[in-house]
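Biologist: Walk me through this model, please. Start with how you name the pieces.

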Amino acid sequence: MLTEGSLSLELVGSVLAEDVFAKNKSIPLLRKGTILNERHIFVLQSHLHHNNLRMETCLFNQPSISVEKLEQNYKESLGQLKTIFEDLEATINGSASNQPLQKLEHMYTPMLNTIVAEDEHFELLKLLRKDDEFTYVHSLNVAVVSSIIGKLLKMDKAEILLLGETGILHDIGKLAIPLSVLKKNGKLDPEEWELIRNHTVEGVQILKKMGETRSKVIMGTLMHHERLDGSGYPYGVREDVIPFHAQIISVADTYDAITAVRPYKGEQSPIVAVMILMEETAKGKFDSAITVPFTKYLMDQFVGKRVVLNTGEQGTVITVYEDRPHCPLVYLGDNHYVDLRYDGTRSLKDVVSY
Ligand SMILES: [Fe+2]
């Protein structure tokens with residue numbers, strides 16, 4: 001469907017239906033099919049020979065794979081993982097002795113192929129089940145988010161697969177924790193808290209018993225609650241001691257914890273996750289080499305979207321910057337733009353709706 005739009009920031013995210021030329025009509029400014037961002041609009045406002053553009057239906061944020069297909073892949077993977085985790089639990093508790101880890105090998109392939117083939121991951125992130133009270137749901141979510149981060153960091157397919165498989169296994173130690181502790185609503189006593197913290201070490205023991213030998217999977221399981229500033233657990237180690245691969249699992253684990261519904265909190269938006277991840281990065285807990293590209297990707301999805309600031313003001317995200325994605329340029333209306341990188345009083349709080 002073609003529409004005509006006047007040249008304004010309202011067109012951010014729309015697709016050009018024809019080539020557009022500069023005032024002398026000989027210099028092509030942008031080609032048909034370009035998805036307009038704010039920079040295009042500013043350039044066109046200065047140089048275009050007319051004030052109207054023919055646009056195709058807005059395709060912004062739409063992946064080439066259908067959402068239905070993504071959803072089908074995700075649900076099928078969840079179903080398979082549920083069965084595998086039931087086998088794992090039976091094996092851990094001694095009531096079975098099969099080799100459930102072998103079944104993981106092909107289970108993740110459809111998700112992996114989707115992530116490797118596609119550049120638009122946001123639809124998949126939006127599909128992730130938020131009610132991740134079951135370990136297998138959280139595990140698949142962390143696998144998907146870790147793989148997306150690996151893709152954003154331009155890792156090869158084998159590395160992305162390894163991130164996914166580590167994500168699936170990183171909380172396996174939780175299968176050995178009694179449900180009464182794992183699902184306890186009230187405050188944990190010190191012994192119960194110790195049991196929870198021990199899921200990393202316990203996870204490694206389980207993996208080794210089941211024949212897992214890949215060091216990245218083992219270290220990711222052991223260290224996904226460690227933090228670069230030494231504030232994590234089980235060992236409180238710092239920086240270089242924590243493998244990069246394990247740090248990616250930590251960031252993905254944190255993202256899923258923020259965006260999921262938990263007994264003590266509701267679902268929070270990816271913008272809230274961006275702000276928390278960057279806050280933790282500023283405190284020295286996460287590596288900006290991971291959080292900046294990931295949050296840049298997330299923030300890019302909100303260009304043109306309405307957001308709310310800490311002051312209660314609402315505005316539209318105009319430009320997301322490479323180095324500080326959580327501090328975009330926001331249009332507040334009445335010709336008032338605010339660059340959050342340089343505004344000492346304002347910061348991004350949340351998206352109005354997404
Ligand atoms: Fe964990």
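Modeller: Helices (H or I, at least four residues) and strands (E, at least two) are DSSP runs, numbered from the N terminus. Residues are numbered from 1 along each chain as its sequence is written. The model is predicted, so local features need pLDDT of at least 70 and side-chain atom pairs count only at pLDDT 80 or more, while totals for chains, interfaces and linings use all residues.

Biologist: How many helices and strands are there in the protein chain?

Modeller: The protein chain has 14 helices and 10 strands.

Biologist: And what does pLDDT average over the chain?

Modeller: The average is 84, and 87% of the residues score at least 70. pLDDT is the predictor's confidence in each residue, from 0 to 100.

Biologist: Where does pLDDT stay under 50?

Modeller: Over residues 59-63, and the model has 10 contacts beyond four places in sequence for that stretch. Two residues are in contact if their C-beta atoms, placed from the backbone, lie within 7 Å.

Biologist: What share of the residues is buried?

Modeller: Buried residues are 36% of the 354 in the protein chain. Buried means 20 or more other C-beta atoms within 10 Å of the residue's own, exposed means 12 or fewer, and partly exposed is in between, with C-beta atoms placed from the backbone.

Biologist: Which residues touch the most other members of the largest nonpolar core?

Modeller: V144, I149, V251, A252 and V274, in a core of 72 residues. Helix 6 (residues 135-152) gives the most to this core, namely nine residues. A nonpolar core here is a set of buried Ala, Val, Leu, Ile, Met, Phe, Trp, Tyr and Cys residues joined through C-beta atoms within 7 Å. As background, nonpolar side chains tend to be buried together in soluble globular proteins.

Biologist: What does A252 touch?

Modeller: Leaving out residues up to four places away in sequence, A252 touches V142, V145, S146, I149 and G167.

Biologist: I was also looking at F294. Buried or exposed?

Modeller: F294 counts as buried because it has 24 C-beta neighbours inside 10 Å. F294 sits in helix 14 (residues 288-300). With residues up to four places away left out, F294 touches I149, L152 and V251.

Biologist: Switching to helix packing. What do the buried residues of helix 11 pack against?

Modeller: Helix 7 (157-169), helix 10 (199-209) and helix 12 (244-259). The buried residues of helix 11 (residues 215-223) are V217, G220, T221, L222 and M223.

Biologist: At what angle do helix 10 and helix 11 pack?

Modeller: About 155°, with the axes 7 Å apart. Helix 10 and helix 11 are therefore roughly antiparallel to each other. T200, V201, G203, V204 and L207 of helix 10 make the contact with V217, I218, T221 and L222 of helix 11. Axes are lines fitted to C-alpha atoms, for helices over the stretch in contact, and angles run from 0 to 180 degrees between N-to-C directions. Under 35 degrees counts as roughly parallel, over 145 as roughly antiparallel, 65 to 115 as roughly perpendicular, and the rest as oblique.

Biologist: How many bridges join strand 8 to strand 9?

Modeller: Four bridges join strand 8 (residues 329-333) to strand 9, and the two run antiparallel. L329 stands opposite D339 in strand 9. Strand 8 and strand 9 form a hairpin with two residues between them, and D334 in the turn has a positive phi of about 50°.

Note on methods
Two strands pair if DSSP finds at least two bridges between them.
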